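Biologist: I have a structure open on my screen and would like to learn how to read it. Could you walk me through a few features?

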Amino acid sequence: MKLWVLRHGEAVPHGSKPHDSERELTEHGREEVLRTAANLIGQPLTAIYASPYLRAQQTAQLVRDALGFEPEIRTVEWLTPDTEPDKVAEQMVAVSDVLLVSHNPLVGNLLSYLQHGAGHPPERVGTAGLAELKGDELLVGSMKLNGIKLP
């Protein structure tokens with residue numbers, strides 16, 4: 001099974017919107033996402049899950065459009081920035097070949113958790129960074145990080 005984890009593209013700074021969830025992608029952020037999306041061309045994606053935050057929704061939609069991916073984006077509350085990685089892992093037990101679009105600190109913490117288990121430092125992932133994990137099944141501490149692609 002493969003799992004891709006994408007951090008949203010560059011967003012407008014904190015304080016420019018009343019709530020963090022309303023921050024949108026900058027033009028540079030949109031360009032970053034499109035460059036990163038090219039790494040997913042030809043991959044066997046079955047679903048795209050995204051945080052409900054605006055910048056993650058915009059990122060997921062840009063990827064969906066760039067790939068010509070037919071299914072709708074699945075918006076889920078368990079991909080917001082402060083979700084614990086074990087909560088995400090619980091949701092991913094019965095899925096394969098999916099893309100998760102989320103935020104730090106969740107992205108870095110989730111990648112570390114799936115590779116090493118609890119208690120390890122988070123992976124460093126820049127904006128529009130795309131991580132590919134591979135394993136026989138989604139077991140905490142048993143996934144292998146194939147790499148992190150940056151725009």
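**Reading the sheet and its surroundings**

Modeller: Gladly! Strand 2 (residues 47-50) pairs with strand 4 in the parallel sense, over four bridges. This is a predicted model, where local features need pLDDT of at least 70, side-chain atom pairs count only at pLDDT 80 or more, and totals for chains, interfaces and linings use all residues. Residues are numbered from 1 along each chain as its sequence is written, and side-chain values use heavy atoms, with hydrogens and water left out.

Biologist: What makes two strands a pair, and in which order do the six strands form the sheet?

Modeller: Two strands pair if DSSP finds at least two bridges between them. Strands (E, at least two residues) and helices (H or I, at least four) are DSSP runs, numbered from the N terminus. Here, six strands form an open sheet in the order 3-2-4-1-5-6, with mixed pairing. Strand 3 and strand 6 are the edge strands, each pairing on one side only.

Biologist: Is strand 4 buried or exposed?

Modeller: Buried means under 20% relative accessible area, exposed over 50%, and partly exposed in between (1.4 Å probe, protein chains only). Five of the five residues of strand 4 are buried, so the strand is largely enclosed by the rest of the structure. V98, L100 and S102 cover one side, while L99 and V101 lie on the other.

Biologist: And what covers the buried residues of helix 4?

Modeller: Nine of the eleven residues of helix 4 (residues 106-116) are buried, so this helix is also largely enclosed. Its cover, judged by contact (heavy atoms within 4.5 Å), includes strand 1 (2-7), helix 3 (85-91), strand 4 (98-102), strand 5 (130-134) and strand 6 (144-149). Just after helix 4, G117 takes a positive phi of about 90°.

Biologist: How do I read an aromatic pair?

Modeller: Such a pair is described by the distance of the ring centres and the angle of the planes. Rings of Phe, Tyr and Trp (its six-membered ring) pair if their centres lie within 6.5 Å; planes under 30 degrees apart count as stacked, over 60 as edge-to-face and the rest as tilted. A search of the whole structure finds one aromatic pair. Y49 and W78 have ring centres 5.6 Å apart and planes at 40°, so the pair is tilted.
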